[in-house]
Amino acid sequence: MYIYDEVDQTLVEQRVTQFKDQTRRFLAGQLSEDEFRVLRLQNGLYIQRHAPMLRVAIPYGMLVSTQLRMLAHVARRWDKGYGHFSTRQNMQFNWPRLEDVPQILAELATVQMHAIQTSGNCIRNTTTDHFAGVAPDELVNPLIWCEIIRQWSMLHPEFAFLPRKFKIAVSGARTDRAAVGVHDIGLQAAVQDNVIGFRVWVGGGMGRTPIAGKLINSFVAWPDLLTYLQAILRVYNLHGRRDNKYKARIKILVKDLSPEVFAQQVDEQWQVIRGGPDTVGEAFVAGVAGRFTWPRYEDSAVGEVDVSAGYAATNQAFARWLKTNVHPHKMAGYAAVTVSLKATGVPPGDITADQMDAVADLAESYSFSELRVSHEQNLILTDVRRRDLFALWQQLNILNLATPNIGLITNIIACPGGDFCALANAVSIPVAAAIQRRFDDLDYVHDIGELDLNLSGCINACGHHHIGHIGILGVDKAGEEWYQITIGGRQNGGARLATDVESGRDGGVAIGRIIGPSFARDQVPDVVHRLIETYLQLRHGEAERFIDVVDRVGIEPFKQDVYGDPRFAKTVMLAGG
């Protein structure tokens, strides 16, 4: 955990006091709806279908047990006993009363939490790899650099009113697990002449115009990172569209100018500010790193007998969980563990207050009190001794948090959809539940193998459907809910290797392709099943993943099998295909 200094704590408390007065004035009729909208968005407060929604910041997805317990407290006292982890590694509460929000923010401030810049046209929560700090393939610990970016960007007057919202992701590892290729700015750690730095990707994003980010600088040395980021934001502030919100994202500017011209303009701005006050020094980086509470690993874990294999030999359920939910760790004798929030029948990313308290207890018992939130809407216990895996699994299993489906089809990423969001065209949660029920046979799910299924209730793509191996998008047709299917998207591998750039693969990120006319809601599970059947018929052995088959044969065989199925023939006529 990063420990606030006096400046951080004072700033957060002052924002709470300020918003309390703004809310009082709005409720008293002294501020108009338009005047209050800007103020509430700056404090993470949206107006949804049924109630306000409060989005709480979890910087770079890092939590400690005391903070998770506070979220549980908020859920019990001011919400309906649960919270929702979003794809931006934040927590959302869907049912608070407007008049209670200032008190909620005051309570959060006591454990170094807030809702600043979780919405609005500013730099949002900087995200990173959910194995940050413990991944064996890390070149640099991205938590430190995310915190540096947070300090630099938080309430920065130059970035407080950008043309549109702005998202940054940082990957410190050789393999990208932060989806840097679909962010406004994506940073991938690199080494050049024994110096650590970052590849810089700009203009990625989803929504109405899904685009993979473009590499505009193959190496920016770490001392120059903030000045280079500032140069990018200056070009965006100068030329970004403010007259049309649908064309205001930086991805549109990069496309219109061309990546080459955009990079040239960034370089011109950079030459003016490079070496200036935002240049980072070793003492500053060390100071930021020193404010984190890093785990004190036990030497006795090295060479310790890993008893998990023995338990797995006689317990198939544990063996499955060990295969999918337990991950390598940089320290011998330790592992990272994914706590699945994707049990069948549970909305993806939802967690009850009781479960939060229980997971906080487990974090203290098994993981130095630390957790991570993944952009796949799960939790990670980052530092578990391998000797404790079976005991941990047993307790997670009791809590319904040990579903062995990480990386599999039922690990669905989904937004709250039309059940809550006023922008949604269609529901997401019931569709996700129907797909989970359809694929509730663990033997079948494990036979299918690695597959990302992402679901969004509208074109804003909060469920990241564009980069799912199978993507599902809710659309409105004459007041009815229909669902468009894409296949072939991917988030992994973005900016992973220089050879990806040279081959023109946009760093391995791919946007899914629409297979054809959309489907009625009750048809979606059958359509997904038909796609899976086609994949199983086409694959060359169990090692070939769904996405590999799509890359090899294209979408036509899948399209033919789906629309050739008599169950969906009516769909083509109704949808005008």
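A polar contact is a pair of N or O atoms within 3.5 Å; within protein, one must be able to donate a hydrogen and the other to accept it, and residues adjacent in sequence count only if both atoms are side-chain atoms. The model is predicted: local features need pLDDT of at least 70, side-chain atom pairs count only at pLDDT 80 or more, and totals for chains, interfaces and linings use all residues. Residues are numbered from 1 along each chain as its sequence is written, and side-chain values use heavy atoms, without hydrogens and water.

Helices are DSSP runs (H or I, at least four residues), numbered from the N terminus. Helix 5 covers residues 142–153. At its start, a side-chain oxygen of Asn141 lies within 3.0 Å of the backbone nitrogen of Leu143. Trp145 and Arg150 are among them. Just after helix 5, Leu155 has a positive phi of about 60°.

The structure holds 35 salt bridges (a side-chain nitrogen of Lys or Arg within 4 Å of a carboxyl oxygen of Asp or Glu). One joins Asp361 and Arg69 at 2.5 Å, N to O. This pair links distant parts of the chain, helix 12 and helix 3, 292 residues apart. Asp526 and Arg438 form another, at 2.2 Å, N to O. Here helix 17 is linked to helix 14, across 88 residues. A salt bridge of 2.7 Å, N to O, pairs Arg567 with Asp565. Asp565 counts as buried because its relative accessibility is 10%.

Terms used:
Helix = DSSP H or I, 4+ residues; strand = E, 2+ residues; numbered from the N terminus. Expected span 1.5 Å × (residues − 1). Buried < 20%, exposed > 50% of the residue type's maximum accessible area, 1.4 Å probe, protein only.
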